Amino acid sequence: MVSILDIFSMRENILFSCPYLDAEVELSQEREQHIVETHPGTLPDYTQQLSETLADPDLVRQSSRDETALLFSKWFSTIRTGRFLVVVVVSQTETNQPWIVTIYTARKITGGTVIWTKS
C-alpha cells in the first residue's frame, strides 16, 4: 500500500511560468512543505493564484531583507475578504533557476522597493 507521504516524495518539483523573469520559477517539495506549515491556508488552496501572480503580477518589489529576492504581488478579491498574494522568489542563483522561497497573503503591501508596476 502506498502512503500519502510516499506520493508526496515521488512528486517532481513544480515549475511556474514567469514572463517578468523570462524563466520558469521552481517550487520545490521542501519549500512547499515550509509554506504549508508556516502559512496555513495558502497551499494547496491558492495554487492557481500563485500561478497567476507569477504570470501577471500587479507589482514587483526588491526585497529589503535579501537583495537576491523579488516579491511578486497580485490582488485577489477571492482570497478571504480580499487580499494580496505575495510570492517571494530568489532570482539570482548559481544554477540560474529562480525558485520560490515562500508565499503569503497580505491586506496591504509593505516593505521593499518597487521596481515594476502593472500599467
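Over which residues does pLDDT stay under 50? In this predicted model, that stretch is residues 1-8, for which there are five contacts (heavy atoms within 4.5 Å) beyond four places in sequence. Where pLDDT is low, the predicted coordinates should not be read in detail.

**Confidence and basis**
- Local features need pLDDT of at least 70 and side-chain atom pairs count only at pLDDT 80 or more, while totals for chains, interfaces and linings use all residues.
- Residues are numbered from 1 along each chain as its sequence is written, and side-chain values use heavy atoms, leaving out hydrogens and water.

**Nonpolar cores**
- A nonpolar core is a set of buried (under 20% relative accessible area, 1.4 Å probe, protein chains only) Ala, Val, Leu, Ile, Met, Phe, Trp, Tyr and Cys residues joined through side-chain atoms within 4.5 Å.
- The largest such core has 19 residues, of which Leu50, Leu54, Phe72, Val87, Ile100 and Ile103 touch the most other members.
- Two or more residues of this core come from each of β1 (14-18), β2 (23-27), α3 (47-55), β4, β5 and β6; helices (H or I, at least four residues) and strands (E, at least two) are DSSP runs, numbered from the N terminus.
- Another core lies apart from it and has five residues, including Leu71, Phe84, Val86 and Val88.
- Beyond four places in sequence, Ile103 touches Ile35, His39, Thr42, Leu43, Leu50, Leu85, Val86 and Val87.

Terms used:
pLDDT = per-residue confidence, 0-100. Buried < 20%, exposed > 50% of the residue type's maximum accessible area, 1.4 Å probe, protein only.
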